[in-house]
Structures are given as C-alpha cells and as structure tokens.
Amino acid sequence: MSYQIFCLGNPLLDVQVRDGEALLKKYDLLANNAILAEGKHLPIYEELVKDYPVTYVAGGASQNAARGAAYVLPPGSVVYTGCVGDDDLAQQLREANKREGLDEVYLVKKGEKTGACAVVITGHHRSLVTTLRAAEMFEASHLSSEAVAPLIKSAKVFYVEGFFLTHGIESVLHLSQHASTTNKSFVLNLSAPFIPQFFNAQLLQVLPYTDIVLGNETEAQAYAKAILGYESADMVKIAQAIATYDKVNAARPRIVVITQGPESTVLVEAGKAPKEYKVTPIVNELIVDTNGAGDAFAGGFLGAYVSGKSLDECVEVGHKMGAMCVQLVGPQFKWPKVQML
C-alpha cells in the first residue's frame, strides 16, 4: 500500500465540555490557548467527566489534519502514525479514522493509556489541556520498521504538528531530512504559542528542512517575540521572516500560511509578493465551537496541495474545511461527505 500523505503526531482523545468559565478560573487557563498539563491540571480530566456533560471526540492536531486531508481525497490517500496504549481510547480513535477514510500505523504500548486532551469551550474559544501519556513514548525506530518505512518511501508529502517537537525531535528530523533529500514536501504546523516560546531550539533544527509552515496569528506573534526578538502583529512581516529562514533544499521556496480566525489569511512564498485571502464570515448562530478549526484548515490545504491545486485553491479548500468544522462539535466533518476538490 502506498499513500500520498504521511502524518505524524500525538494521538489523543478529546474530552470536550461547554460553558467552562469556572474551569478556566480554577485551573488558571487562558480561553484560547493550548498547553501541556502540569501537576496542578491533572484533576481536570476526572472533574470534566464527573461534573459536566462530556463529548468524546477523536483528537490530536496532526490526526485531525490527517482526517481532514482524507476527507477531501480518495480513500487510501493518507496514513498517520503516533503512539497509543492498548485501551478503549485507542479503539475510539481507530473508529473515527475509519469513518473519514484515514489509515493508521500506530505504535502500540501495552499497559499504557492513550493520551487525552481536556477541551474547555467558552463562547467561540477553546482551551486545550493535554496529558500525552502513551503519545510521548513514540520511538523513532518505528519509522524504520517493516510496516512504516515503505510508506515513508512512497509518500509525497509529510505533515507534522509542532506539538511533537516537545518529545520527538529525532522522528521529526528523520521525516524532514528524508523529504529534503528526496525533494518531497515537508509541512510543519506551529500548533501553539508555547512551541516557539519554549521549544524554539527544536523548531529551528527542523525549519531548514521545512517547505511549508502553517500557523495562526497567536503562534506567529509568539514566534516573532521568541525567535525574531521583537513584538509584532504584522503577519506579513513575520511570515516573510519565517519564509526566508535558512533552507537546505533551495529548489522549493518555503511557503508560510498564517490564519487569523475570521480575519484574512496571509500567505507568503519566499521571493514572491505576499497574498491575503478574505475569509467568508459565518453567522454567530451557526458556530458550534472552534476546536480543530485550524487542523481542518491544514487538512483541506494538504489535500488540495497533494492534488496539484494552486496555492490560492489550497487556501480556499482550507477555508471551506475550517468553516465546516466550526459548525460541528470538535474536529469533525459533515457526513455524507461534501465534495471539496
């Protein structure tokens, strides 16, 4: 079996609740942020289940994007890997992937728990608190295994979430360097402000091998402050700085795409004039929640990109997928499938 897109990330089950203002206050969380759980946050997972009506949704940033790409492409186009436990949570993830047409080659750790993400919804914002569990036990050797190595060899595009840089730099370099030496495309999502803030050394190790960088405005601002050394809300300026950072494979000028929720999306390709794309506004009443909207954009963009569409079309498909996602609970897509390409 060969796949066009190979994705790597932390497989998580989202435990999602609405009207979580009290939780934000109690656990000192920002309304629109993503963090790794510290000791003080660990009781939140039991509290959600005990005190709130909970929705379980298959999550994990890269897995969400992979399902999004699988949604817009024919079956058997996208494969995903990450590390899970041998538990019911992992089975729920497999079932959600199957529905979207995403295949997975998980590394399974016996006796371990699959990772989880507490998703606290307040209004149109989502606060994510992740406990990685099995997800951070991924081993780079899995990428060289008999089951996985041929899939990497035959894939055209690689996608990795920034979250994976917190524990899996060896695996990310394995994929990104392979893409660079074979003139394939490596796509990295910044994923959260804390990645450029606290894992900038790992980010800058991977960036020279990265062909496409995706992120949102808060992640871009965090990049500017932590790596460029200045505070800025000028998305074009920040995107240009990322686009022109050192690159090993000069045959592929780096592309940077920064989404800004309902505001215009910015695209910069190194050596070309920047572009901005208006987002078609969605009326407030139709927005259910924004959990997974950025991942849905990434999935749509990836699916269009590997199909040979122009960058303008890639952004358009990304916008359509993001718009569909915010009208559903969590990172999900409409069924029966809506034709996107």
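Visitor: Which residues of helix H9 (residues 217–228) are buried?

Guide: Before answering, keep in mind that this is a predicted model. In H9, the buried residues are Glu219, Ala220, Ala222, Tyr223 and Ala224.

Visitor: What do the buried residues of H9 pack against?

Guide: Their partners are strands and helices from several parts of the chain. The strands are E12 (185–189), E13 (212–216) and E14 (255–260), and the helices are H7 (194–198), H8 (200–206) and H10. Just after H9 comes glycine 229, with a positive phi of about 85 degrees.

Visitor: How should I read a nonpolar core?

Guide: Here is the general idea: in soluble globular proteins, nonpolar side chains tend to be buried together. In this model, the largest nonpolar core has 56 residues. Phe6, Phe158, Val160, Leu175 and Phe186 are the ones that touch the most other members.

Visitor: Which helix gives the most to this core?

Guide: That is helix H10 (residues 235–243), which supplies 6 residues. There is also a second, separate core of 46 residues, and among its members are Ala58, Ala304, Val315 and Met321.

Visitor: Let me zoom in on one core member. What is phenylalanine 158 in contact with, leaving aside its neighbours within four places in sequence?

Guide: Phenylalanine 158 contacts Phe6, Ile152, Leu175, His178, Ala179, Lys184, Ser185, Phe186 and Val187. Three of those names, Phe6, Leu175 and Phe186, you have already met among the residues that touch the most other core members.

Visitor: What polar partners does the side chain of threonine 81 have?

Guide: A polar atom of the threonine 81 side chain lies 2.7 Å from the backbone oxygen of valine 105. Not counting residues up to four places away in sequence, threonine 81 touches Phe6, Cys7, Leu8, Gly9, Val105, Tyr106, Leu107, Phe138, His142 and Leu143.

Visitor: Where is glycine 82 found?

Guide: Glycine 82 sits in the loop between strand E5 (78–81) and strand E6 (83–85). Glycine 82 is buried too, with a relative accessible area of 0%.

Visitor: Which residues does glycine 82 touch, not counting those up to four places away in sequence?

Guide: They are Gly9, Pro11, Tyr106, Leu107 and Phe138.

Visitor: How do I describe two packed helices?

Guide: Two packed helices are described by the angle between their axes and the distance between the axes. For helix H3 (residues 61–72) and helix H11 (residues 293–306), the angle is about 45 degrees and the axes are 7 Å apart. That makes H3 oblique to H11, and H3 passes H11 in a right-handed crossing. On the H3 side, the contact is made by Ala61, Asn64, Ala65, Gly68, Ala69 and Val72; on the H11 side, by Asp295, Ala298, Gly299, Leu302 and Gly303.

Visitor: At what angle do H3 and H12 pack?

Guide: H3 and H12 pack at about 110 degrees, with their axes 12 Å apart. H3 is therefore roughly perpendicular to H12. This crossing is right-handed as well. Gly68, Tyr71 and Val72 of H3 make the contact with Val317, Met321 and Met324 of H12.

Visitor: Finally, the backbone. Which residues have a positive phi without being glycine?

Guide: Arginine 133 is one of them, with phi at about 50 degrees. Arginine 133 lies in the loop between strand E10 (125–131) and helix H5 (149–154), and is partly exposed, with a relative accessible area of 27%. Serine 191 is another, with phi at about 75 degrees. Serine 191 belongs to the loop between E12 and H7 and counts as buried at 10% relative accessibility.

Visitor: What kind of peptide bond joins tryptophan 335 and proline 336?

Guide: A cis peptide bond, with omega at about 0 degrees. You will find proline 336 in the segment after helix H12 (311–326).

Methods
Residues are numbered from 1 along each chain as its sequence is written. This is a predicted model: local features need pLDDT of at least 70, side-chain atom pairs count only at pLDDT 80 or more; totals for chains, interfaces and linings use all residues. Side-chain values use heavy atoms; hydrogens and water are left out. A nonpolar core is a set of buried Ala, Val, Leu, Ile, Met, Phe, Trp, Tyr and Cys residues joined through side-chain atoms within 4.5 Å. Buried means under 20% relative accessible area, exposed over 50%, partly exposed in between (1.4 Å probe, protein chains only). Helices (H or I, at least four residues) and strands (E, at least two) are DSSP runs, numbered from the N terminus. Contact means heavy atoms within 4.5 Å. A polar contact is a pair of N or O atoms within 3.5 Å; within protein, one must be able to donate a hydrogen and the other to accept it, and residues adjacent in sequence count only if both atoms are side-chain atoms. Axes are lines fitted to C-alpha atoms, for helices over the stretch in contact, and angles run from 0 to 180 degrees between N-to-C directions. Angles under 35 degrees count as roughly parallel, over 145 as roughly antiparallel, 65 to 115 as roughly perpendicular and the rest as oblique. A crossing is left-handed if the near helix is turned anticlockwise from the far one by less than a right angle, and right-handed if clockwise.
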